[in-house]
Amino acid sequence: PTPATVPMHTDDPAIVDLLGRKGFATVLANRIVEARVKAKEEAKRGKKPGDNRAFIVHMHGPWGSGKSTVLNFVRDDLEARHGGAAGPAWLVVEFNAWRSQRLKPAWWPLILQIEQAALASEPRWWARWVLRAKWYFMRARANLLPLVIGVLAIIAAGVLLGWASLG
């Protein structure tokens, strides 16, 4: 008897668009660019940033339905734009939430991934130092602000208790 042969299929996202998903990805990329351009135009007109400043694109589907393929096509489309009439230049950060699901706080690995991608995309050494300093300031503010507020609250409570004991 001859052994049966079964072709192997990888779990990798498609590179060649055999199922017509690139059109959807292009429309999605265009909507992302339009939202960003609109927010920038409103900022130039002096309008305070509102609900259109940030947004989320949620893709849901069962395993193997092509979510990663569509997202890769969107990434390729956005990265191909270099500013000007095609819209702003884009830095696309890839993040695997599944790999980081057990880390706490849940958002911290995403912030670190954004930081690493932003630093890696900046070719000028001095601009990387400025960007790094901004990240450190943001981290210090996020980490130290609760501590400073706590210390000030304890001092204020001590002062109030001291005044109350004098009177």
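Author: Let us begin with a definition: a salt bridge is a side-chain nitrogen of Lys or Arg within 4 Å of a carboxyl oxygen of Asp or Glu. Side chains of opposite charge can pair when their charged atoms come close. Keep in mind that this is a predicted model. Here, the side chains of Arg75 and Glu94 form such a bridge, with 2.6 Å from N to O.

Reader: Which parts of the chain does the pair Arg75 and Glu94 tie together?

Author: Arg75 belongs to helix H2 (residues 67-80), while Glu94 sits in the loop between H2 and helix H3 (108-121), so the pair links parts that are 19 residues apart in sequence.

Reader: How many salt bridges does the rule give?

Author: The count is five salt bridges. One of them joins Asp76 to Arg75, where the closest N and O atoms are 3.0 Å apart. Another pairs Asp77 with Arg81, with 2.8 Å between the closest N and O atoms.

Reader: Which residues do salt bridges with shared partners join into one network?

Author: Arg75, Asp76 and Glu94 are joined in this way.

Reader: Is Arg75 buried or exposed?

Author: Buried means under 20% relative accessible area. Arg75 has 19% relative accessibility, so Arg75 counts as buried. Asp76 is partly exposed at 40%, and Glu94 is partly exposed at 49%. In the other pair, Asp77 and Arg81 are both buried.

Reader: What makes up the nonpolar surface patch?

Author: The patch covers about 1,000 Å². Its residues include Leu144, Val148, Ile155, Trp163 and Leu166. Leu144 is located in helix H4 (residues 125-166) and is partly exposed, with a relative accessible area of 47%.

Reader: Where is Arg128, and what does Arg128 touch?

Author: Arg128 is placed in helix H4. Leaving aside residues up to four places away in sequence, Arg128 touches Leu119, Glu122 and Pro123. Its relative accessible area is 26%, so Arg128 is partly exposed. A distance can be read here as well: the C-alpha atoms of Arg128 and Ala118 are separated by 8.6 Å, and the two residues are ten residues apart along the chain.

Definitions and conventions: Residues are numbered from 1 along each chain as its sequence is written. This is a predicted model: local features need pLDDT of at least 70, side-chain atom pairs count only at pLDDT 80 or more; totals for chains, interfaces and linings use all residues. Side-chain values use heavy atoms; hydrogens and water are left out. Buried means under 20% relative accessible area, exposed over 50%, partly exposed in between (1.4 Å probe, protein chains only). Helices (H or I, at least four residues) and strands (E, at least two) are DSSP runs, numbered from the N terminus. Patches are made of residues with over 30% relative accessible area and no salt bridge: like charges are joined within 9 Å, nonpolar side chains (Val, Leu, Ile, Met, Phe, Trp, Tyr) within 5 Å. Accessible areas come from the Shrake-Rupley method with a 1.4 Å probe; for residues, only the protein chains shown count as cover. Contact means heavy atoms within 4.5 Å.
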